[in-house]
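Hi,

Here is the structure I promised to pass on. Have a look at it first, and then read on for what turned up.

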Amino acid sequence: MATNIKHAFLLLISIGSLFIVWPFAFDWMKDGGNIMNPVTFFTDVYKLGGAPAFLTVDIAVAWLAFMVWVVPDAKRIGLGAKWGWIFIALSYLGTCFALPLYIVVRERFIAKQNTPGI
């Protein structure tokens with residue numbers, strides 16, 4: 001029961017994050033930003049300094065760590081590298097979307113593997 005509540009909460013964070021962060025991305029793209037160029041995406045905000053720069057570096061490092069971790073982890077647990085690459089692709093929608101979603105998929109996959117008779 002607690003696991004289902006945790007997974008529901010993580011899915012709420014994942015899906016909700018799209019509605020919270022993407023309006024800002026749309027505004028940035030409307031002003032000429034290119035979402036497919038992560039260097040420009042991060043440097044535009046980093047140039048503002050202060051809190052925006054701090055949060056930009058924080059998210060960029062978390063995103064990089066996620067991208068380095070997810071494919072080998074997906075392979076290691078038996079989910080497969082293909083799924084790791086899918087989550088890297090999903091991370092372009094936001095680390096705040098892909099990470100909690102991967103945690104849920106990962107935990108449910110491991111639980112299924114550890115359940116006898118399935």
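Arg76 and Asp73 pair through their side chains in a salt bridge, with 2.8 Å from N to O. Keep in mind that this is a predicted model. Both residues sit in helix H3 (residues 50-77), and because they are three residues apart there, about one helical turn separates them.

As background, side chains of opposite charge can pair when their charged atoms come close. The structure holds four salt bridges, so here are the others I'd point you to.

Glu107 forms one with Lys6, and the closest N and O atoms are 2.9 Å apart. Glu107 belongs to helix H5 (residues 95-113) and Lys6 to helix H1, so this pair ties together parts that lie 101 residues apart in sequence. Glu107 is partly exposed at 26% relative accessibility, and Lys6 is also partly exposed, with a relative accessible area of 37%.

Asp27 and Lys30 meet in a salt bridge too, at 3.9 Å from N to O. Asp27 comes out as partly exposed, at 41% relative accessibility, whereas Lys30 is exposed, at 65%.

**Around Ser17**

A polar atom of the Ser17 side chain lies 2.7 Å from the backbone oxygen of Ser14. Leaving aside residues up to four places away in sequence, Ser17 touches Leu12, Trp22, Cys96 and Phe97.

Leu12 turns up again on the surface: together with Phe9 and Ile13, Leu12 forms a nonpolar patch there. The three have about 310 Å² of accessible area together. Phe9 is in helix H1, which covers residues 2-30.

**The chain as a whole**

Zooming out, what does the secondary structure come to? The chain has five helices and zero strands, and from the N terminus on its elements read α-α-α-α-α. The C-alpha trace spans about 55 × 25 × 25 Å along its principal axes.

Of the 118 residues in the chain, 29% are buried. The chain exposes about 7,700 Å², and carbon and sulfur atoms supply 73% of that area. As for contacts between residues at least 6 apart in sequence, 54% of them join residues at least 24 apart.

If you only have a minute, I'd start with two spots.

Cheers

Key
Residues numbered from 1 in each chain as written. Predicted model: local features only at pLDDT ≥ 70, side-chain atom pairs only at ≥ 80, totals over all residues. Heavy atoms only, no water. Patch = residues over 30% accessible without salt bridge, like charges linked within 9 Å, V, L, I, M, F, W, Y side chains within 5 Å. Areas by Shrake-Rupley, 256 points an atom, 1.4 Å probe, with all protein chains shown as cover. Helix = DSSP H or I, 4+ residues; strand = E, 2+ residues; numbered from the N terminus. Polar contact = N/O pair within 3.5 Å; in protein donor to acceptor, adjacent residues only side chain to side chain. Contact = heavy atoms within 4.5 Å. Buried < 20%, exposed > 50% of the residue type's maximum accessible area, 1.4 Å probe, protein only.
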